[in-house]
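I opened the notebook to record what I looked up in one structure. The entries follow the order in which I went through it.

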Amino acid sequence: MDLEIFFTVVKDKPVCLICNEAIAVFKDYDISRHFTSKHNNSNYEAMSEYERKQNVESLCKRLSGRQNVFKKVNTIQEAATHASYIVAYNIAKNNKALSDEEFVKQCMLQVCDVLCPDKKNIFQTVSLSRKTVTSRIEAIDKSLTSQLELKIGQF
């Protein structure tokens, strides 16, 4: 994080904290050229060192907050997929009909209404259609088969 020219590093690339533009080359000249060409006539140049530090910290927090929104969405989607695999696994393990997935989802949503109503939208993202459950069971089958073949090869 550079206090003089309002840059930070995101995924090994310098990113301007003011306009969120990434610079292709990580050279001092290119970074300072960006700042002087795009933000030269701004209030940022007249700030004291303390004001710059406060402003940089504020801009970093804002950037981090925007990045966390995407991480949170990914985490929710991954958790919903994982939950879908768990239900599919249990349906297959207990030799239940594939039509039971809608019953399971109804039960999950009703329990969610009681325990954590604020998370209901997350539970609704869990895909339990017949086609999804079938493909999840097939994926689990392939994974178990390859693990078994690997173990057999080690004997």
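**Entry 1**

Strands here are DSSP runs of E with at least two residues, helices are runs of H or I with at least four, and both are numbered from the N terminus. This is a predicted model, in which local features need pLDDT of at least 70 and side-chain atom pairs count only at pLDDT 80 or more, while totals for chains, interfaces and linings use all residues. Residues are numbered from 1 along each chain as its sequence is written, and side-chain values use heavy atoms, with hydrogens and water left out.

Is Pro14 buried or exposed? Pro14 counts as buried because its relative accessibility is 2%. Buried means under 20% relative accessible area, exposed means over 50%, and partly exposed lies in between (1.4 Å probe, protein chains only).

Ala22 lies in the loop between strand 2 (13-16) and helix 1 (28-39). Its relative accessibility is 44%, so Ala22 counts as partly exposed. Leaving aside neighbours within four places in sequence, Ala22 is in contact with Pro14 and Val15; contact means heavy atoms within 4.5 Å. From C-alpha to C-alpha, Ala22 and Thr8 are 9.6 Å apart, and in sequence they are 14 residues apart.

**Entry 1: the whole chain**

I counted five helices and two strands in the protein chain. Read along the sequence, they follow the pattern β-β-α-α-α-α-α. The chain has 155 residues, and 24% of them count as buried. I took contacts between residues at least 6 apart in sequence, and 50% of these join residues at least 24 apart. The accessible surface comes to about 11300 Å², and 55% of it belongs to carbon and sulfur atoms. Accessible areas come from the Shrake-Rupley method with a 1.4 Å probe, and for residues only the protein chains shown count as cover.

**Entry 2: confidence**

I checked pLDDT, the predictor's confidence in each residue, from 0 to 100. The mean for the protein chain is 77, and 69% of its residues reach 70 or more. Where is confidence lowest, and where is it highest? It is lowest in strand 1 (residues 7-10), at a mean of 69, and highest in helix 5 (residues 130-154), at 91. Where pLDDT is low, the predicted coordinates should not be read in detail.

In soluble globular proteins, nonpolar side chains tend to be buried together.

Apart from neighbours within four places in sequence, Val126 is in contact with Ala80, Ala83, Ser84, Lys105 and Met108.

Ser84 is in helix 2. Ser84 is buried because its relative accessible area is 0%. Not counting residues up to four places away in sequence, Ser84 touches Val126, Ser127, Leu128, Thr132 and Arg136.

Thr81 is also placed in helix 2. With 33% relative accessibility, Thr81 counts as partly exposed. Thr81 and Thr132 are 51 residues apart in sequence and 10.0 Å apart from C-alpha to C-alpha.

**Entry 3: Asn95**

I found Asn95 in the loop between helix 2 and helix 3. Asn95 has a positive phi of about 50 degrees, although it is not a glycine. Its relative accessible area is 72%, so Asn95 is exposed.

**Entry 4: a salt bridge**

I counted one salt bridge, defined as a side-chain nitrogen of Lys or Arg within 4 Å of a carboxyl oxygen of Asp or Glu. Which side chains form it? Those of Asp113 and Lys120 do, at 3.2 Å from N to O. Asp113 is partly exposed, at 37% relative accessibility, and Lys120 is partly exposed, with a relative accessible area of 26%. Side chains of opposite charge can pair when their charged atoms come close.
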